Protein chains: 2
Amino acid sequence: MDNAKHKPQSASANAKLAELKRRLLEISDLRAAGALLSWDQATYLPKRGAAARARQGAIVSRLAHEKSIATELGNLLEELEPYATSLPYESKEASLVRVARRDFEKAIKVPSDYVARVSAFGAAAYDAWKRARPANDLATMVPFLEKAIDLGREYADFFAPYEHVADPLIDDADEGMTTASIRTLFAELRSELVPIVQAICSQPPADDICLRGSFGEAEQLEFGLSVVKRIGYDFDRGRLDKTLHPFCTRLSAGDVRITTRVNESDIREALFSNLHEAGHALYEQGVNPALDGTPIGRGTSVGVHESQSRLWENVVGRGRSFWQYFYPFLQRAYPDQLSKVPFDAFYRAINRVERSLIRTDADEVTYDLHIMLRFELELELLEGRLRAKDLSDAWCAGMQNYLGIAPADDRDGCLQDVHWYTGSMGGAFQSYTIGNILSAQFYVAALKAHPEIPSEMAVGEFNTLHAWLREHLYQHGRKFKPHELVQRTTGGPMSTKPYIAYLRAKYGELYQLPSVEMRGRSAEEHI
Amino acid sequence: MDNAKHKPQSASANAKLAELKRRLLEISDLRAAGALLSWDQATYLPKRGAAARARQGAIVSRLAHEKSIATELGNLLEELEPYATSLPYESKEASLVRVARRDFEKAIKVPSDYVARVSAFGAAAYDAWKRARPANDLATMVPFLEKAIDLGREYADFFAPYEHVADPLIDDADEGMTTASIRTLFAELRSELVPIVQAICSQPPADDICLRGSFGEAEQLEFGLSVVKRIGYDFDRGRLDKTLHPFCTRLSAGDVRITTRVNESDIREALFSNLHEAGHALYEQGVNPALDGTPIGRGTSVGVHESQSRLWENVVGRGRSFWQYFYPFLQRAYPDQLSKVPFDAFYRAINRVERSLIRTDADEVTYDLHIMLRFELELELLEGRLRAKDLSDAWCAGMQNYLGIAPADDRDGCLQDVHWYTGSMGGAFQSYTIGNILSAQFYVAALKAHPEIPSEMAVGEFNTLHAWLREHLYQHGRKFKPHELVQRTTGGPMSTKPYIAYLRAKYGELYQLPSVEMRGRSAEEHI
């Protein structure tokens, strides 16, 4: 053993790197076991299995956390530092050591006991919310929310001092961003969005009756499957199951699952949720498999992840080209409902803009206003300026302020999203808007390299776009921080301009808005 | 802390007991996480997720094993021994300490590294077998079998000295039994079975054409679901999914799952497999929930478990009374195929006896001969008298000897069962025959207490039998060793007599065998 010291540095470093990878793989595999426990809870768990499931998840995540803060791991990372910095920044090894060390420095600040408490709490709260939301039973959820706020503050305090209590939580989701930087970004976006929403909502809304009615579940599932397959989701490395609140989960490079929810009286729900989750899944399936089982073997941040779900859901999936190809298939699946609906009417319907109550059903123009409301409220909850029991009133007031409407009950109000109740408090929602902003910015960069993308999509070919995203974004996993990736891929920092330009062009055409130039061409080609 | 020594013993013992339960619950929860990884692998895992799944299962079972051999656990068990022996033998606490200690003494003999290797091997081998069996590719599986034999011997050696290398493996499945005792049992049974098989097979076999044809999967699944529900399987605490090789798995008291395989050209496969797995599940769902998460919170042995699967599959599920109730429903599900088939023809068909190739399809008269062959071969493999590469020939010779027929290929020969290849070598099969023997013995005891059971079943009432089994067997979990449970429940030791009497009566009636008395009455009432 002592001989190792006298060996050339590379041999010693190689042995240490192997040991590092072994340890990181164990952590990754335990986290995957935890992810399966969660996936199963959200898809197939029998009603009375929930209590034990909460415990099972807690012990697995506690053990993963214990391993992620092992002294030996810290020592290895420190010893490997000189070796890693001697390598090119982008190399797999340098990136692995750099990111693993950053994770380690964060993880050692969080006690294992805390991690187990959060996991057990999250499972119990999810189970309670599943019953409470349909029953419009906020009272049951208030103690969970209070607990979630406490857990959020407790977490932030592990990283004290901070400028704002939400900063450590935001940094976990979107590394490099802060409460202050998001406030600036949101203020800028809001000032642009509000006039667009006003201009659109002063006109009669698009008729969406063709999307409502009776759409059989089996056909919806089959169509959804064919769509996600066509855009490039690989079913040899994934699957699609039903759940209450759709999500995507990575269990390994060969197992990235998506879930869906079918609403037989509104075809939009499953349709766009499938594209959203498939966007997440394309990202995870596109990470270089050589990075699997390491901390750099997954998407780099929640915001960049959302940029891919929103790119495929909205920029692509609510676009003209996409439906030029898919609409005939959808008409064939539902001839009674759609055979007489012209393409333009369908296209307008899926892009109907209105002030509405439910975030996940919101159109892409008003969506960010839902997010801004949530961001504002969660900051107030964390700061202690708003109490859990007063959330319902604050929610209604906020909806009036941001969207000009308010829900009749909590089911369609502050109970609609599970995030806060299960402990994702602070940093839970802003990533969706960051994702919207980046979705347009990345798409513009792809178009610049491949102007043929829209015409290809119109004939059902998605590979040019998919391959560009895989090459420039997906394959890198977490090698780069979000702002590094944006800079590399788009040639500049994150900017709201492409997103605003995209919305102006697309909705300018749809609603003949006066301030918009270059009308009449496809929005996808504009931006 | 030192004060604890001066506290009354019960207070100190209570604290220790609480700590013991906490530790055992962690182990149980980790094992449940491992069980979910396996369940998912056998039901929903995407093709390319298998490699990572093997690793995930390995790390989880290694950690469970590490916790099950912790020195602190051993110390607690030792310290609690005087307390436990001061309590009644049957009390929850005394049983818990007694069984946990027995498990601990076994577990410390097995290195954690071995457990991880077996788990990883099992997952990889299962994956290989899934492809190899349909391809009739024994060559691929020979190295797995060799490895499994090595792993079996390695395991036995942890418990050396032993009389026979299979003894430690058998004791794990059926505590208290040995190679020698099973050989005696099997010899006795064989001498009774062979003349019965000969007498039956000298007659023309029952016509089973009505069971073959085209039976839609959806209807089979629905019928299976309604049957297992009716006999008492609780879907709030379980679920039914499709798999390649049906099994039952317990994830907690509130989550006991069964799986099924549908063959559209033979209705028997799903039908009786469902009843078989539901029998296992009724046992697990019937264990006193207060024992959940402890080593006594599940069925007591593999053999006793099989007694319940075989009782519900055969004694009940292939019985006259059962079908008096269910046959009209099955006819309604498949009117084209069954409406013109009289009850007696159907009853004869589902009890057709023949010398056949596949164990899981075998009738209850020849079934045990399949088991005896496997038991003999696995002893030879473990002893080194038979080599893996010679298994195919030995299998064919053995089939000729036991059943008078031989398979045309390995798919229907030595590749048909997954057990050996995944490392269940030695002690893998004898439990099925122990189960058959006990199924009749337990049923006779239930009938003695409640002679009304057959007439109740004929009108779809299964609760008297289910409740009797729950009270006398299921609720106790692992409190009692198999032979203790048999003695308590039936008033005597394990015996082949009720089983032989059951077969003679039932098949005596069906085939008008000369040696059988009391013809013409229902077999279920005879025994």
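Which side chain meets that of Arg153(A) in a salt bridge, and what is the N to O distance?

Author: The model is a predicted one. In it, the side chain of Arg153(A) forms a salt bridge with that of Asp150(A), at an N to O distance of 3.9 Å. That distance falls inside the cut-off, which places a side-chain nitrogen of Lys or Arg within 4 Å of a carboxyl oxygen of Asp or Glu. Both residues belong to helix H6 of chain A, residues 138-158, and because they are three residues apart in this helix, about one helical turn separates them. In general, side chains of opposite charge can pair when their charged atoms come close.

The loops on either side of this helix deserve attention as well. In the loop between helix H5 (112-132) and H6 of chain A lies Asn136(A). This residue is not a glycine, yet its phi is positive, at about 55 degrees. The loop between H6 and helix H7 (167-173) of chain A holds Pro161(A). The peptide bond that joins Ala160(A) to Pro161(A) is cis, with an omega of about -5 degrees. Chain B also has a cis peptide bond from Ala160(B) to Pro161(B), where omega is near 0 degrees. Pro161(B) is placed in the loop between helix H6 (138-157) and helix H7 (167-173) of chain B. As background to these features, most residues other than glycine have a negative phi, and most peptide bonds are trans.

Across the interface of chain A and chain B, the rule finds 12 salt bridges. One of the pairs between these chains joins Asp29(B) to Arg55(A), with the closest N and O atoms 2.9 Å apart. Another salt bridge brings together the side chains of Asp234(B) and Arg48(A), at 4.0 Å from N to O. This pair runs from the loop between helix H9 (217-231) and strand E1 (240-242) of chain B, where Asp234(B) lies, to the loop between helix H1 (9-43) and helix H2 (50-68) of chain A, which holds Arg48(A). The contact between the chains takes 36 residues from chain A and 36 residues from chain B. About 3000 Å² is buried between chain A and chain B, and carbon and sulfur atoms give 60% of this area.

In chain B, helix H2 (residues 50-68) and helix H5 (residues 112-132) pack at about 155 degrees, their axes 8 Å apart. H2(B) and H5(B) are therefore roughly antiparallel, and their crossing is right-handed. Residues in this contact include Gly57(B), Ser61(B) and Arg62(B) of H2(B), together with Ser119(B), Ala120(B) and Asp127(B) of H5(B). By class, the contact of H2(B) with H5(B) has eight nonpolar, five polar and three charged residues.

In chain A, the axes of helix H9 (residues 217-231) and helix H12 (residues 320-333) come within 11 Å and cross at roughly 155 degrees. H9(A) and H12(A) are therefore roughly antiparallel, with a right-handed crossing. Among the residues that meet are Phe223(A) and Arg230(A) in H9(A), and Trp323(A), Tyr325(A) and Phe329(A) in H12(A). The contact of H9(A) with H12(A) has 10 nonpolar, no polar and two charged residues.

Note on methods: Residues are numbered from 1 along each chain as its sequence is written. Chains are lettered from A and ligands numbered from 1 in the order in which they are written. This is a predicted model: local features need pLDDT of at least 70, side-chain atom pairs count only at pLDDT 80 or more; totals for chains, interfaces and linings use all residues. Side-chain values use heavy atoms; hydrogens and water are left out. Axes are lines fitted to C-alpha atoms, for helices over the stretch in contact, and angles run from 0 to 180 degrees between N-to-C directions. Helices (H or I, at least four residues) and strands (E, at least two) are DSSP runs, numbered from the N terminus. Angles under 35 degrees count as roughly parallel, over 145 as roughly antiparallel, 65 to 115 as roughly perpendicular and the rest as oblique. A crossing is left-handed if the near helix is turned anticlockwise from the far one by less than a right angle, and right-handed if clockwise. Contact means heavy atoms within 4.5 Å. Ala, Val, Leu, Ile, Met, Phe, Trp, Tyr, Cys and Pro count as nonpolar, Asp, Glu, Lys and Arg as charged, and the others, Gly among them, as polar. Buried area is the accessible area (1.4 Å probe) that two parts lose on being put together, summed over both.
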